[in-house]
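Please examine the structure shown below. The questions that follow concern its charged pairs, one of its helices and an annotated site.

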Amino acid sequence: MVTQAPFLSTVEGLKLVEIERCKSDIKTMREEMAARSTRINCPCKYTFFEDHKKLTPRRDVPAYPKVEPVSLDKVYTEYMLSRETIEALRKPTFDVWMWEPNEMLSCLEHMYHDLGLVATFNINAITLKRWLLCIHDNYRNNPFHNFRHCFCVAQMMYSMISLCKLQEQLSQANILVLMTAAICHDLDHPGCNNAYQVNARTELAVRYNDISPLENHHCAVAFQIIAQPECNIFSNIDPEEFRAIRQGIIALILATDMARHKEILDAFKENLEQFDFTNQEHVTSLKMVLIKCCDISNEVRPLEVADLWADCLLEEYFMQSDREKSEGLPVSPFMDRDKVTKPTAQIGFIKFFLIPMFETVTQLFPQIEEAMLPPLWESLDRYEQQKEMEEARKEMEDVNIGASVPGTLDE
């Protein structure tokens, strides 16, 4: 234990640095929001990719800090992550706050090699690096919908592929679709949801006729990146297979629109009793539910990891509601900082969305029940206790205020 202490303190120090950086970024964004007085300055409303600079792939191939090549002849195909990291990556308990962007990129790269996707689809290793870098560059610095969220979703998908032994049931093409959709699912997210896009009549809402404008945009950006030869990880795939993979990725990214939650979960439930892994419709419904699980899976993670994500999401919500108020738009009730608390926001989401969905998936994959359901139940209990404490404290404050006003209690 003594010999591990310096290492642990270093790891905790790195984690604190990343968390403080996140908090600093949120503070800066909040200040920028306060400085905006008109909708004209809103980055969500007007042009996306004015100069297309972000879509220009980087030419450099960086050396990732925590990755060492096994040998010179395998420098782009095999990496020596520590055994602890490799094992942790396959579990929902992985601490995503410990890693800086280059390290997250190296972990994503490892996943593609480890799953055999690089070998199966003859993906050029340098192209994979450049693609991942371009993906990173096209996530915005939002409180929640940022590159770290992308990494979280992809890492959870990697965990589910491992825990559910999906490679024994699904084709490699399906595994490629799952991982790639997870990585691309929120590309260039502007930090305001679909309701805002529609109500503010943004360029995206107009372009996509108010139908899942964000998700359609994420898909478009994903394939704009793939259209760059230096970033085309699918360049060695047969055109017919590429069309199927492209359609699969599009279907999964569009499935992340929460407005379709009930529709997608109900379709999956209908197939559960006689689920057939050879039935393409069944497999598609499974993949859609899997990406939904991964997209909103933060409460499945340990408390110290999940808690900060809840703060980040609320901050992004509050920034949107502040903007809606300043622009005279309808305010999303679950985003209003004057009405929503962390416990009230999380209780409903966990109780009515997360637990039912994960319980449904465990009917097909009972092996994930122990890993994924207890954290949800514990999180729900914790937030319900916090809500009770908040209500009790507010009641006491009201009583004290009433007692301080003459005649109030008698009346």
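**Salt bridges, a helix and an annotated site**

Q: How many salt bridges does a search of the whole structure find?
A: The model is predicted. A search of the whole structure gives a count of salt bridges of 14.

Q: Which helix holds D311, the salt-bridge partner of K342?
A: The side chains of K342 and D311 meet in a salt bridge of 2.8 Å, N to O. This pair links distant parts of the chain, 31 residues apart, with K342 in helix α15 (residues 342–364) and D311 in helix α14.

Q: Is K342 buried or exposed?
A: D311, the partner of K342 in the salt bridge, is partly exposed, with a relative accessible area of 35%. K342 has a relative accessible area of 18%, and buried means under 20%, so K342 is buried.

Q: Where does D336, the salt-bridge partner of K325, lie?
A: The side chains of K325 and D336 meet in a salt bridge of 2.8 Å, N to O. The pair links distant parts of the chain, eleven residues apart: K325 is in helix α14, and D336 is in the loop between α14 and α15.

Q: Which residues do salt bridges that share partners join into one network?
A: At 35% relative accessibility K325 counts as partly exposed, whereas D336 counts as buried at 7%. Salt bridges that share partners form one network of D307, D311 and K342.

Q: What distance does helix α14 reach from its first C-alpha to its last?
A: Helix α14 (residues 303–326) has 24 residues. It is followed by G328, whose phi is positive, near 70°. At 1.5 Å a residue the expected value for α14 is 34 Å, and the helix comes close to this, reaching 34 Å.

Q: Which residues is H145 in contact with, leaving aside its neighbours within four places in sequence?
A: UniProt, in an unreviewed entry, places the feature "active site" at H145. H145 lies in the loop between α5 (125–137) and α6 (147–163) and is buried, with a relative accessible area of 15%. Leaving aside neighbours within four places in sequence, the contacts of H145 are R140, D186, H189 and E316.

How values were computed:
Residues numbered from 1 in each chain as written. Predicted model: local features only at pLDDT ≥ 70, side-chain atom pairs only at ≥ 80, totals over all residues. Heavy atoms only, no water. UniProt positions renumbered as here; feature names shortened; annotations may be inferred. Helix = DSSP H or I, 4+ residues; strand = E, 2+ residues; numbered from the N terminus. Buried < 20%, exposed > 50% of the residue type's maximum accessible area, 1.4 Å probe, protein only. Contact = heavy atoms within 4.5 Å. Expected span 1.5 Å × (residues − 1). Salt bridge = Lys/Arg side-chain N within 4 Å of Asp/Glu carboxyl O.
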